[in-house]
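Hi,

Here is the model I promised to pass on.

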Amino acid sequence: MAEGIMKKMFGMQAYVQSVGVRNDLEIDGFAIAVCAEVGVELSRHRSRSFEELEEMGEALSGFDLIVALSPASQRAALELTRFYHLTVEYWPILDPTSLGETREAKLNSYRQTRDQIAGHIQRKWGNA
């Protein structure tokens with residue numbers, strides 16, 4: 001969600017890549033649905049690990065900032081970048097994956113997460 005929202009808000013003004021601790025997860029249908037509500041297309045997005053990003057030629061040392069959305073990703077980012085001059089920030093974001101009993105309750109949890117991410121981006125960089 002974060003990559004899609006950032007790209008929607010800033011387009012080519014910033015280079016952004018979404019990376020996670022694991023890359024074996026399919027994009028979540030609830031994330032696709034709630035992002036589509038605000039014009040963010042995620043259906044072709046696929047998750048990548050830090051290692052896969054580097055295998056694709058994207059050196060972590062080339063980034064200025066890594067934003068971690070979970071404690072696990074923060075730990076991994078700090079470990080992988082300890083010799084680089086870049087900033088790792090942790091944004092505590094609601095993990096909606098296990099919340100809600102009904103479809104609408106799940107969607108509401110994902111909307112809350114989407115809006116938290118967008119709010120952090122707006123506070124950090126304003127509106128494009």
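To start with a detail: is F30 buried, partly exposed or exposed? F30 counts as partly exposed, because its relative accessibility is 22% (buried means under 20% relative accessible area, exposed over 50%, partly exposed in between, with a 1.4 Å probe and protein chains only).

Before the rest, some housekeeping. This is a predicted model, so local features need pLDDT of at least 70 and side-chain atom pairs count only at pLDDT 80 or more, while totals for chains, interfaces and linings use all residues. Residues are numbered from 1 along each chain as its sequence is written, and side-chain values use heavy atoms, with hydrogens and water left out.

**Overall fold**

The chain has 5 helices and 2 strands, in the order α-α-α-β-α-β-α along the sequence. Helices (H or I, at least four residues) and strands (E, at least two) are DSSP runs, numbered from the N terminus. The C-alpha trace spans about 45 × 30 × 25 Å along its principal axes. Of the 128 residues, 35% count as buried. Of the contacts with a separation of 6 or more, 60% come from residues 24 or more positions apart (contact means heavy atoms within 4.5 Å).

Y15 sits in the loop between α1 (2-10) and α2 (29-36), and F63 in the loop between α3 (50-55) and β1 (65-68), 48 residues apart. F63 counts as buried, at 14% relative accessibility. The rings of F30 and Y110 have their centres 5.4 Å apart and their planes at 35°, so that pair is tilted. This one links helix α2 to helix α5 (residues 103-125) across 80 residues. Y110 is buried, at 3%.

**Nonpolar cores**

A core here is a set of buried Ala, Val, Leu, Ile, Met, Phe, Trp, Tyr and Cys residues joined through side-chain atoms within 4.5 Å. The largest has 18 residues, and M1, I5, L42, I117 and I121 touch the most other members. Two or more residues come from each of α1, α2 and α5, with α5 giving the most, 5 residues. Beyond its neighbours within four places in sequence, I5 is in contact with V40, R114, I117, A118 and I121. A second, separate core of 9 residues includes L60, A77, L86 and V88.

**Salt bridges**

There are 8 salt bridges (a side-chain nitrogen of Lys or Arg within 4 Å of a carboxyl oxygen of Asp or Glu). R111 pairs with E37 at 2.7 Å between the closest N and O atoms, joining helix α5 to the loop between α2 and α3, 74 residues apart. R111 is buried at 18%, whereas E37 is partly exposed at 43%. R111 also meets E104 at 2.9 Å, N to O. R114 and D115 form another bridge at 2.9 Å; R114 is buried at 8%, and D115 is partly exposed at 44%. Bridges with shared partners join E37, E104, R111, R114 and D115 into one network.

Cheers

Terms used:
Phe/Tyr/Trp six-rings, centres within 6.5 Å; stacked < 30°, edge-to-face > 60°.
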